[in-house]
Amino acid sequence: MNALVFASRVTVAIVLAYAAIAKLYDAKRLPTQMRAFGVPAVLSIASAVILPTIEFAIAVALVAFPYSSLPALAAIAVLALFTGVVVANLASGRPKPCPCFGAVAVERPVSPLTLVRNAWLLGLAIIATADPTGDSGALFLPVFLVLALVTLFVVRVTS
């Protein structure tokens with residue numbers, strides 16, 4: 001199995017699962033946070049349930065179906081949508097805090113660093129679409145540890 005492809009899949013899966021769980025942890029406040037971020041009221045209530053479900057389903061699919069590129073393509077679509085919302089929020093001139101990782105991370109408004117985080121995750125999701133067959137699985141752990149540490153740093157610095 002190609003270590004880089006599989007490590008990318010697992011890293012994106014962990015980030016999406018964490019985001020879903022964090023949103024569900026404080027689900028009562030999520031619609032309010034979504035509205036404050038600029039999501040219309042009608043969509044904010046539905047997205048409080050649908051968004052974490054989609055994130056978690058993609059996370060599970062990334063690991064459960066390692067030879068299918070569809071979960072990675074779904075991750076790209078969701079991350080691209082999130083990035084578009086962040087860009088729109090930044091373009092408004094008055095960026096607001098993003099409930100990207102639930103109530104736990106709703107402190108700082110989005111910034112260009114948020115785009116760096118999303119670009120990193122999009123890059124990993126793009127790598128995850130590649131054919132996972134190839135080199136030895138023995139490289140998975142070191143490659144995963146590097147990707148996970150860089151991702152942890154990027155998410156921590158930008159959230």
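This is a predicted model: local features need pLDDT of at least 70, side-chain atom pairs count only at pLDDT 80 or more; totals for chains, interfaces and linings use all residues.
Begin by selecting Met34, Leu51, Leu81, Phe82 and Val85, which, of the 31 residues that line the largest pocket, are the closest to its centre. The space in this pocket comes to about 620 Å³. If you then colour the model by element, you can look for the helices that give two or more residues to the lining, namely H1 (3–25), H2 (30–37), H3 (41–64), H4 (70–91) and H5 (112–128). Among these helices H4 gives the most, with eight residues.

Next, keep H3 and H4 on display and hide the rest. Two packed helices are described by the angle between their axes and the distance between the axes. Here the axes of H3 and H4 come within 9 Å and cross at roughly 145 degrees, and the crossing of H3 with H4 is left-handed. To see the contact itself, show the side chains of Leu51, Ile54, Glu55, Ile58, Ala61 and Leu62 on H3, which meet Pro71, Ala72, Ala74, Ala75, Val78 and Phe82 on H4. The residues of this contact divide into eleven nonpolar and one charged, with no polar residue.

Finally, select Cys98 and Cys100, whose sulfur atoms lie 2.0 Å apart and form a disulfide; the count for the model comes to one disulfide. Which hand does the disulfide of Cys98 and Cys100 have, right or left? The torsion about its S-S bond is about 105 degrees, so the disulfide is right-handed.

Note on methods:
Residues are numbered from 1 along each chain as its sequence is written. Side-chain values use heavy atoms; hydrogens and water are left out. On a 1 Å grid over the protein atoms alone, a cavity is a set of points where a 1.4 Å probe fits but cannot get out, and a pocket is an open set with protein on both sides within 12 Å along at least five of seven lines; lining residues have an atom within 4 Å of a point. Grid points are joined across faces, edges and corners, and a volume is the space filled by probe spheres set on the points. Helices (H or I, at least four residues) and strands (E, at least two) are DSSP runs, numbered from the N terminus. Axes are lines fitted to C-alpha atoms, for helices over the stretch in contact, and angles run from 0 to 180 degrees between N-to-C directions. A crossing is left-handed if the near helix is turned anticlockwise from the far one by less than a right angle, and right-handed if clockwise. Contact means heavy atoms within 4.5 Å. Ala, Val, Leu, Ile, Met, Phe, Trp, Tyr, Cys and Pro count as nonpolar, Asp, Glu, Lys and Arg as charged, and the others, Gly among them, as polar. A disulfide is a pair of cysteine sulfur atoms within 2.5 Å.
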